[in-house]
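The sequence and structure come next.

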Amino acid sequence: MLTKKPPALQSFLSLVSRHSSHLVRQQYDVIVVGGGHAGTEAAAAAARVGAETLLVSQKIETIGALSCNPSLGGVGKGQLVKEVDALDGLCGRAGDWAGIHFSILNRRKGPAVWGPRAQLDRQRYREFIQSELLSTPRLTVLEGSVEELFVSEPNPEEPGHHRVTGIRLANGSHPISASSVVLTTGTFLSGSLFMGQSKSPGGRIGDAPSSAGLSHTLRERLGLRTGRLRTGTPPRIVKDSVDLSLANVHPPDSHPTPFSFLNTHTHCKPEEQLPCYLTYTTPGVERVVRESLHLNCHIQEDAKGPRYCPSIESRVLRFPGRRHQVWLEPEGVTSDILYPQGLSMTMPPDVQLRLIREIPAMHRAEIHTPGYGVQYDFVCPTQLSPALQVKSTQGLFLAGQINGTTGYEEAAAQGLWAGVNAARCALSRPTVALSRTESYIGVLIDDLVSRGVTEPYRMFTSRAEFRTSLRPDNADLRLTLKGFEEVGCVSIVRYQEAVRVRDSLQDALATLQALALSTQNWRKKLPDMRMSEVKNSLLTGMDVLRYNDVSFEMLASAFPECLSHHMEFSQRLKIEAVYRPHCNLQKKEIERIQKEENMSLPQDINYLTLPVSLSHEVREILDRVRPTTLGAATRLQGMTPAAIIHLFNYVRRTGQKERRSHRNKPDQREERKSL
C-alpha cells in the first residue's frame, strides 16, 4: 500500500489561512508554533488524539521543507523514523513517497543496528507533508509569526508556577487561546545567520527572523534557563558543473526498503533510483580554511556546534592533515543541484568557491547557493518532564531544536510525543511517557530531560542499552498497539494491521518452535547447512534458523505444508530467531529498570533540606533537574550509587508511611453510616 499522489502546492495554499481574522475560531485545544519536522508531527499527532489543533508557521510554502540535507534516516536515526511511523507519524510515509535513493547502513553488522536511510526529493517530501496536514481532521493551518505567549496564574491543583493560555501574533491581531501550546521554533529562536564576517537575524536563509518577544517571554517571564547553539549548511552546487567521473559512484540498494510498516514498496521504482557520489578533500582545502579563518566570525564564536556533523572548518582544525569524505547527493529527480554532505561552511562566498574547486571532481564547480552558519537559542531540556512539558509552566510543551537536539528525525520524534501529550493535557487526560526500555524515542527524551545537553544532541544506536530489543524491524510490535490502546494516536487501520502482523508472527514462531528434529534428520532436510556431524541432539526450527547459512526460505522449502504461508515475514522471522536468546537475557534488566521507572519521586520534595545523607552537590543536582522517577535520577550526571540507595530508601519509607496512614484513616462512608 502506498499513499495516493498528494495535491499540488497551490491546492494546499488555497485551503490555509493567511490571517487570524479568517480563522473560524479563536479558541483551540492545542496550538503548535513552527512548521518543521517537529511542528508538523506535533500538529498531526495532537489532531489524531482528538484535539482541535492550530498550526502556526511563518511561511506556508516552507511547511515540511528539508532545511538542510535532503535525506532521512541513518544509524540510530532510522530507528526513530520507524518508531514515529509505528505511532502513525508522517515522516516515514513521506520518506517512502519522496525517496530517490534507498539504502540500509551498517548492513555488515547485526540487524539491531541497521540504519534505514533514503535520499529525498525535496519538493516531493514537502508536498507529501502538506497533503497529509491538509487531509487531517481537526487541524487548521495559519500563516503568521508568534510575538509572545499569554501567561496567567497556574491552576493551584497542578504543579507549576505559571500557565500558558494562548499566543499573540506579531501583526497585533486578537489573541488566540489554547489549553496547550507546543513550541517547535527550530533555529529561529533569536536566530542569527553568519556568512564570512556578515551577521543578520534569521533562522534560515530567505525567511524572516523569529520574534524577539518569544525569547523574552521564555527567559524573563517564565524564568527558563536558555543556552546558545550553532549549526551550519554547505553550499549547493550546480550539478552540470561537477565532473562526476572523478568521484566514486555509490548505487542504492537494488530492492528499496520502505520506512513505513504500511508500505510494501516505495514510490520510486528500483530502476529509477539515483546514485550518490563519494569524493574527498585535499590539502588545498585545508590551506583555504586556514588562510580564511580571519574572515570567518561564526567559527570563532563560543556557541557549541554539532560534534557529529561538524563544519569543514571544524574538521580541519580538529583533525589537521586528514582526508575527509564529501558525499555528492542529489536533491531531486529533476533537480540540477547537488548537496555536498561534509562541506558545511560559513566563510565568504568567494572563498567557498575557492575551497570547493580544490576538490578534483569540483575543479570547475559553480555555487548555486552559498553555505552559511546559524546560531540560535535553546531551552535547557532538564526543565522538561518526560511528557516534554515545561515543569514550571502548565500547558507549555517544547520539541525539536529548541530542546538542544539536531536532525530531522530527533525533531520529528519529539514533536510527535509533545503533540500527543499536549492534546491529552488539553482533553483532561493524563500525560504519557515512553521508557528507554521500549523505544529509541524513550531513550532520546530520557537523555534530554535527565542529562541535558552541552552540544547539539544526535541519536546513535550506542545510546540505547537494549538495542537488541529495540530493532527497526519490530517497532510496530513495540509501539503501534500501545499507541492505539493507551495513547490514542494510532488509527484503527494501522492498529488492525499491527494485530495481524503480531498474530501471524506468533503463529509462525510457534510452528518453528514445534518443529523439532535430530541433527541427523536436519542434515538430511538441509544438506547444504553446515552442522556438526559429531553433535547429535534435538533442535527446533528456531534453533536451526539461528545458523548463519540458514534462511527462512530454506526451511519453507523443506517444510512447505507448515511454513510456506509465512513467507511474507521471512526476514522478520530470521531476525527474531537470531535475537530471541539475547532478548530473553535482557528481560531481567529491563524489568529492574521498569521497576525503578515506576517509582515516582514527589515533585514537591525539598532536596536541599531532605533528611537524608546526600552531598551538597547531589542535592543541587536533584533540586535543579527534579527527576520524575528514581530511574531518571540514576542517570543524572554526578549522581552516586550511594545517593540513589539513600533516595530509594527515603521514598520507600515515605510511601509505606502514607499507605499505613491511609489504612488507619476511618472510612468516611462508615462514619456517615454510624451517624
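## Sheet

Strand β4 runs antiparallel to strand β5 (residues 115-120), and six bridges join the two. Strands here are DSSP runs (E, at least two residues), and helices are DSSP runs too (H or I, at least four), numbered from the N terminus. Two strands count as paired if DSSP finds at least two bridges between them. In β5, A118 stands opposite F102.

The model is predicted: local features need pLDDT of at least 70, side-chain atom pairs count only at pLDDT 80 or more, and totals for chains, interfaces and linings use all residues. Residues are numbered from 1 along each chain as its sequence is written, and side-chain values use heavy atoms, without hydrogens and water.

The open sheet has three strands in the order β3-β5-β4, with antiparallel pairing. Each of β3 (71-73) and β4 (99-105) has a single partner strand, so one side of each lacks a neighbour in the sheet.

## Helix pair

Helix α3 (residues 77-86) packs with helix α12 (residues 475-487) at an angle of about 35°, their axes being 8 Å apart. Axes are lines fitted to C-alpha atoms, for helices over the stretch in contact, and angles run from 0 to 180 degrees between N-to-C directions. K82, E83 and A86 of α3 make the contact (heavy atoms within 4.5 Å), together with α12 residues including R478 and L479.

## Cysteines

The whole structure contains zero disulfides (pairs of cysteine sulfur atoms within 2.5 Å). For C91, the nearest cysteine sulfur is that of C489, 13 Å away. The C425 sulfur is 16 Å from its closest counterpart, in C489, too far for a bond.
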